[in-house]
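Subject: Structure handover and notes

Hello,

Below is the structure for your files. My notes on it follow.

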Amino acid sequence: MLIFGPGRCASHIWHDDKRLFVYNLTGNVNACNGSLNLLFPYPAQLGYGDTSMANWGEIAKDIDIRYYNYIMSDVNAFSQLMTVMVNSVDNNVFICISEVSIDPYMACINESLMKLIQTRYGFRFFIVNEPEDMQYIQSDGCEFRSVEGIQMYDYDKDSFILHNEKYRLSMGGVAYDVV
């Protein structure tokens with residue numbers, strides 16, 4: 001299960017038979033499993049120049065496409081996305097995001113990541129704003145909403161595994177014995 005929300009909600013996640021992973025995207029949480037810093041690119045990484053006076057509300061339509069292209073073309077950012085997805089399929093994942101009103105660019109990135117997950121994988125996620133919202137989350141056991149989403153996830157997971165194995169071997173790892 002995948003949940004997005006402010007850090008103050010992370011401690012209210014129920015504990016069941018699944019493991020819990022808490023990642024920080026745009027939130028300000030110290031006690032978590034890791035930061036998704038590669039999933040939060042600087043505006044210049046998405047091709048935006050001077051952004052001090054940018055109207056992110058107008059840019060929001062364009063930023064989704066640029067963000068998608070950035071994630072799918074940067075191997076390390078893609079690896080962070082797949083880490084989230086792989087853990088979300090078998091466990092509970094909470095991604096700490098900032099309050100929408102804090103920074104419009106952060107809000108755009110939060111939304112773009114959610115849209116990417118939803119459109120590429122047909123993967124259902126939940127958004128909470130207050131700790132009390134956790135009680136309304138109900139999962140039916142399968143977060144994928146289409147066969148195509150599962151197929152895309154499987155394809156991306158295979159690419160992720162292949163990349164990790166190539167990296168492991170390039171760093172001096174030995175090949176596994178084939179019996």
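A residue is called buried under 20% relative accessible area, exposed over 50% and partly exposed in between, with a 1.4 Å probe and protein chains only. On that basis 41% of the 179 residues of the protein chain count as buried.

This is a predicted model, in which local features need pLDDT of at least 70 and side-chain atom pairs count only at pLDDT 80 or more, while totals for chains, interfaces and linings use all residues. Residues are numbered from 1 along each chain as its sequence is written, and side-chain values use heavy atoms, with hydrogens and water left out.

Overall layout

The protein chain has 4 helices and 5 strands. These are DSSP runs numbered from the N terminus: helices are H or I with at least four residues, strands are E with at least two. Read from the N terminus, the order is β-β-β-α-α-β-α-β-α. A contact means heavy atoms within 4.5 Å. Of the contacts in the protein chain between residues at least 6 apart in sequence, 72% join residues at least 24 apart.

Helix H3 covers residues 104-121, which is 18 residues. From first C-alpha to last, H3 reaches 26 Å, close to the 26 Å expected at 1.5 Å a residue; the expected span is 1.5 Å times one less than the number of residues. Buried residues in H3 include Cys108, Leu113, Leu116, Ile117, Arg120 and Tyr121. Just after H3, Gly122 has a positive phi of about 55 degrees.

Two packed helices are described by the angle between their axes and the distance between the axes. For helix H2 (residues 75-90) and H3, the angle is about 70 degrees and the axes are 12 Å apart. Axes here are lines fitted to C-alpha atoms, for helices over the stretch in contact, and angles run from 0 to 180 degrees between N-to-C directions. H2 and H3 are therefore roughly perpendicular to each other (under 35 degrees counts as roughly parallel, over 145 as roughly antiparallel, 65 to 115 as roughly perpendicular and the rest as oblique). On the H2 side the contact uses Phe78, Leu81, Met82 and Met85, which meet Leu113, Leu116, Ile117 and Tyr121 in H3. The residues of this contact divide into 8 nonpolar, no polar and no charged (Ala, Val, Leu, Ile, Met, Phe, Trp, Tyr, Cys and Pro count as nonpolar, Asp, Glu, Lys and Arg as charged, and the others, Gly among them, as polar).

Helix H4 and Asp156

Helix H4 runs over residues 147-170 and has 24 residues. H4 reaches 35 Å from its first C-alpha to its last, close to the 34 Å expected at 1.5 Å a residue. Its buried residues are Gly149, Tyr153, Asp156 and Phe160. Asp156 has 2% relative accessibility and so counts as buried. Leaving out residues up to four places away in sequence, Asp156 touches Met72, Phe78, Met82, Arg120 and Tyr121. Just after H4, Gly172 takes a positive phi of about 100 degrees.

Aromatic pairs

Rings of Phe, Tyr and Trp (its six-membered ring) pair if their centres lie within 6.5 Å; planes under 30 degrees apart count as stacked, over 60 as edge-to-face and the rest as tilted. By this rule there are 6 aromatic pairs. In one of them, the rings of Phe4 and Phe125 have centres 5.3 Å apart and planes at 75 degrees, so the pair is edge-to-face. Phe4 lies in strand S1 (residues 2-5) and Phe125 in the loop between H3 and strand S5 (126-127), so the pair ties together parts that are 121 residues apart in sequence. Phe4 is buried at a relative accessible area of 0%, and Phe125 counts as buried at 16%.

The rings of Phe144 and Tyr153 have their centres 5.3 Å apart and their planes at 55 degrees, so that pair is tilted. Both Phe144 and Tyr153 are buried. Tyr121, Phe123, Phe144 and Tyr153 form one aromatic cluster.

Asn24 is in strand S2 and is buried, with a relative accessible area of 12%. Its contacts, not counting residues up to four places away in sequence, are Val29, Cys32, Gly34, Ser35, Leu36 and Cys96.

Asn33 sits in the loop between strand S2 (20-24) and strand S3 (34-35). Asn33 is partly exposed, at a relative accessible area of 46%. Apart from neighbours within four places in sequence, Asn33 is in contact with Leu20, Phe21, Val22 and Tyr23. Asn33 and Val93 are 60 residues apart in sequence and 9.9 Å apart in space, C-alpha to C-alpha.

Regards
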